[in-house]
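Please read them with the structure open beside you.

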Amino acid sequence: MRRVEEADGNTATSQLRCEIEKTPSGEECQRPGEVRYKGMLLCEPHAALLELEDRAQALLGSVVQMDKWMEENGSAAADDEFVGRVRHEREEAVGALRLTRTQIRSACKALFSVGS
């Protein structure tokens, strides 16, 4: 995430609003846009949530790829030590995915309890 800055290096204090398309209630976010994330000006809570969702998607993709590799290559003929490392990496990725999903739930609660 990149904080919006003016030419003199100070944080922008303009009245630009968060550019999130719609909140779950179907309304536009009324918070000020404070950071740039993937080309959009977002409030910090929405930017943090999108960043967590992107991280979860990347972790899930990694787990799927490791599962696919182990299904294709995890036979008795494969190097046991390497397969063990892949399993260990997969377990760590699953743990990180669980933590990230917990963080997403917390970010959603914080975002929607204050209101959009």
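1. The chain exposes about 7900 Å², and carbon and sulfur atoms supply 50% of that area. Of its 116 residues, 28% count as buried. Please keep in mind throughout that this is a predicted model.

2. As to the overall layout, the chain holds 2 helices and 3 strands, and reading along the sequence gives the pattern β-β-β-α-α. Among the contacts in the chain with a separation of 6 or more, 46% are accounted for by residues 24 or more positions apart.

3. On aromatic pairs, the count comes to 1. Since Trp-69 lies in helix H1 (residues 44-73) and Phe-82 in helix H2, the pair ties together parts that are 13 residues apart in sequence.

4. Both members of this pair are partly exposed, Trp-69 with a relative accessible area of 28% and Phe-82 with a relative accessible area of 39%.

5. Helix H2 (residues 80-114) also contains Thr-100. Is Thr-100 buried or exposed? With a relative accessibility of 3%, Thr-100 counts as buried, because the cut-off for that class is under 20%.

6. Which residues does Thr-100 touch, not counting residues up to four places away in sequence? Thr-100 touches Leu-52, Arg-55, Ala-56 and Leu-59.

Conventions:
Residues are numbered from 1 along each chain as its sequence is written. This is a predicted model: local features need pLDDT of at least 70, side-chain atom pairs count only at pLDDT 80 or more; totals for chains, interfaces and linings use all residues. Side-chain values use heavy atoms; hydrogens and water are left out. Helices (H or I, at least four residues) and strands (E, at least two) are DSSP runs, numbered from the N terminus. Buried means under 20% relative accessible area, exposed over 50%, partly exposed in between (1.4 Å probe, protein chains only). Contact means heavy atoms within 4.5 Å. Accessible areas come from the Shrake-Rupley method with a 1.4 Å probe; for residues, only the protein chains shown count as cover. Rings of Phe, Tyr and Trp (its six-membered ring) pair if their centres lie within 6.5 Å; planes under 30 degrees apart count as stacked, over 60 as edge-to-face and the rest as tilted.
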